[in-house]
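User: I have a structure open and would like to go through it. Can you take me through the packing step by step?

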Amino acid sequence: MKKFSVIIIVIACAFLTSCGIQKEGLVIMTDHSYKATLFATNKIGFGSPDGLLWHKGKLYFADEGGVALESWTRNEGLKKLVDGGFGCESPEDLVIDDHDNIFFTDDDAGGLWEFAADGKPRLIAGKDKGLISTEGIALSPDGSLLVGDGEQHKVFRVTRDGQVSDFLGKDYGITKPESMVFDDHGNLYIADNEDNVLYLLDASRKLHRIIDRNDAFSPETIYFAKGSLYITDSHNHKLFVYTPGEELKTIAAFGGQLKNVQGVTVDDQGNIFLSVQSDLKHKIGNVIEISKEETQVARK
Amino acid sequence: MLLINSVAGRSWLFDSTVAFFLDNDLAKAGVIGGCFLAAWYGGKSAASTTTRRKILITTLLAAVCVITTTKVLSKTIFLPRPEIQSQKIYRLEGDQLVEMKRMPVRVMLDETSQKDYRALLSGEIETNDLGSFPSDHAGFFIAISLGIWLASRRLGLLALGWSVFVIMAAKMISGQHTPLDVAAGATVAIAELAVVQYVVRRKLGGWLDKLSGLTIRYSAMSSAIVFLIAFEVSSTMIHIRAFLGLLVAMRRHVLLGMGS
């Protein structure tokens with residue numbers, strides 16, 4: 001019996017340790033009109049990006065794992081714009097205005113940060129002005145910036161000269177404004193991945209719960225493009241698309257080392273890019289491109 | 001691989017019967033719970049009852065270990081259910097995503113299966129469906145049934161037969177698990193049951209003697225507890241899992257002040 005048990009334990013240990021399969025990653029396309037490709041890995045030089053954004057042919061990363069703000073193009077490769085030496089600790093999300101000024105949040109260092117078009121970085125407003133743990137960021141039509149704070153459960157308005165005021169107070173009931181984006185009509189979408197709700201703040205400042213399916217939906221990052229809202233879900237490992245007036249639709253589900261989908265952005269051709277934090281601690285990240293099958297055919 | 005699934009999708013009556021045994025806790029696992037209770041009370045003498053109870057208590061301990069192991073493995077080894085693998089899937093190979101060959105799966109004709117399949121086509125995928133290897137149902141029920149078999153050969157054979165030919169077969173016919181998932185779950189069950197039975201008997205023999213003695217001394221209380229355990233066994237511990245979920249939610253909403 002003793003020998004038998006030892007053999008069983010050895011076999012069980014061998015079985016468990018041989019499960020290198022965990023390093024695998026899968027992408028399941030529930031919308032078969034799309035295809036998936038691995039667009040970038042750590043080999044291009046980033047750590048583990050959270051937010052990402054296409055802007056004028058460049059891909060920008062709020063690199064949480066690499067503690068940096070970076071830009072990438074096919075010709076120039078990866079460029080570090082701001083790094084930890086400047087004081088940021090965990091770049092979270094970013095927006096870029098028409099003049100190519102980049103604004104980003106930081107959920108560890110807090111504050112609202114800018115990398116101006118002239119190449120100068122600065123802290124617009126920090127913890128001393130009440131921005132303790134900044135998450136989602138949106139560029140308001142009036143030019144100011146809306147910044148979500150996960151610890152204070154508020155959305156702040158921050159002017160370019162660093163004036164901070166409450167935009168949505170605690171009374172609105174948003175627990176963690178993880179991501180925010182305006183649509184074409186000036187409505188503000190707010191993703192709360194703590195209460196697992198997608199809100200819409202209309203022009204009359206009335207807050208609507210657009211999607212509230214606690215069991216299978218937790219919006220991480222939202223991006224509005226061509227009339228549709230693209231939504232990543234790092235809890236349920238999915239990419240959704242929501243078009244007003246239609247049902248929420250799953251485009252893809254992710255598993256293994258590709259399951260932790262974070263940021264989402266769409267380029268001019270309609271290709272979707274997702275940042276995946278495979279292992280934030282060890283700075284392992286990937287970027288997946290989800291594109292229509294027809295796009296490839298058209299390119300050929 | 002999915003030969004057993006080839007019988008699905010041909011007869012509404014057959015598929016509905018299979019679905020009934022999949023979805024109905026009483027039909028699915030009531031027999032196992034009944035066998036457990038019968039083995040618990042069925043000793044012909046006080047000594048044989050004590051021996052049986054020692055085996056069954058250890059079996060419950062092993063079953064908890066088995067379900068923990070299968071859950072951890074299924075979250076670690078990313079292998080979707082066969083019905084999911086019938087969809088368009090890309091697998092990471094080196095620095096490339098390579099499209100996998102789709103698994104041909106026949107969908108059962110009963111109402112629930114058809115509804116679930118329509119939901120799958122519209123993109124509804126449960127997170128639980130993404131980790132089907134190994135089968136936790138196979139692990140859990142094989143562990144319990146083998147434990148019953150160790151306590152009582154006849155009851156154990158009935159429980160094992162029900163586990164294999166009703167519960168596991170239904171899982172494979174419906175395309176929820178491949179035979180490989182089931183075999184892996186059963187392997188975990190056999191291995192861990194053997195190890196736990198050996199370790200508990202050798203290292204915790206005194207504790208086991210005391211506990212089995214208490215079940216005889218306080219028979220009313222122990223009957224109530226065994227009823228609750230058999231009830232949970234019959235429902236694959238769904239209520240305990242819901243209770244644990246409530247505790248987690250309470251911790252988040254009350255202790256951490258994240259009430260919505």
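User: Which residues have the most contacts inside the largest nonpolar core?
Analyst: Those are Val27(A) and Phe36(B). The core has 138 residues. Keep in mind that this is a predicted model.

User: Which helix gives the most to this core?
Analyst: Helix H6 of chain B, residues 136-151, with 10 residues.

User: Back to Phe36(B). What does Phe36(B) touch?
Analyst: Leaving out residues up to four places away in sequence, Phe36(B) touches Leu56(B), Ile144(B), Ile148(B), Ala230(B) and Val233(B).

User: OK, helix packing. At what angle do H2(B) and H6(B) pack?
Analyst: About 30 degrees, and their axes are 10 Å apart. H2(B) covers residues 25-41 of chain B. Angles under 35 degrees count as roughly parallel, so H2(B) and H6(B) are roughly parallel to each other.

User: Left-handed or right-handed crossing, for H2(B) and H6(B)?
Analyst: H2(B) passes H6(B) in a left-handed crossing.

User: And which residues make the contact?
Analyst: From H2(B), they are Ala29(B), Ile32(B), Cys35(B), Phe36(B) and Ala39(B). From H6(B), they are Phe141(B), Ile144(B), Ser145(B), Ile148(B) and Ala151(B).

User: Next pair. How do H1(B) and H7(B) pack?
Analyst: Helix H1 (residues 12-23) and helix H7 (residues 153-173), both of chain B, pack at about 120 degrees with their axes 9 Å apart. That angle is why H1(B) counts as oblique to H7(B). H1(B) passes H7(B) in a left-handed crossing.

User: Which residues meet there?
Analyst: Val18(B), Phe21(B) and Leu22(B) of H1(B) meet Val166(B), Ala170(B) and Ile173(B) of H7(B). By class, this contact has 6 nonpolar residues, no polar ones and no charged ones.

User: Switching to chain A. How many helices and strands are there?
Analyst: Chain A has 2 helices and 25 strands.

User: How much of chain A is buried?
Analyst: Buried residues make up 47% of its 300 residues.

User: And what share of the contacts in chain A comes from residues 24 or more positions apart?
Analyst: Among contacts in chain A with a separation of 6 or more, such residues account for 44%.

Note on methods. Residues are numbered from 1 along each chain as its sequence is written. Chains are lettered from A and ligands numbered from 1 in the order in which they are written. This is a predicted model: local features need pLDDT of at least 70, side-chain atom pairs count only at pLDDT 80 or more; totals for chains, interfaces and linings use all residues. A nonpolar core is a set of buried Ala, Val, Leu, Ile, Met, Phe, Trp, Tyr and Cys residues joined through C-beta atoms within 7 Å. A residue is buried if 20 or more other C-beta atoms lie within 10 Å of its own, exposed if 12 or fewer, and partly exposed in between; C-beta atoms are placed from the backbone. Helices (H or I, at least four residues) and strands (E, at least two) are DSSP runs, numbered from the N terminus. Two residues are in contact if their C-beta atoms, placed from the backbone, lie within 7 Å. Axes are lines fitted to C-alpha atoms, for helices over the stretch in contact, and angles run from 0 to 180 degrees between N-to-C directions. Angles under 35 degrees count as roughly parallel, over 145 as roughly antiparallel, 65 to 115 as roughly perpendicular and the rest as oblique. A crossing is left-handed if the near helix is turned anticlockwise from the far one by less than a right angle, and right-handed if clockwise. Ala, Val, Leu, Ile, Met, Phe, Trp, Tyr, Cys and Pro count as nonpolar, Asp, Glu, Lys and Arg as charged, and the others, Gly among them, as polar.
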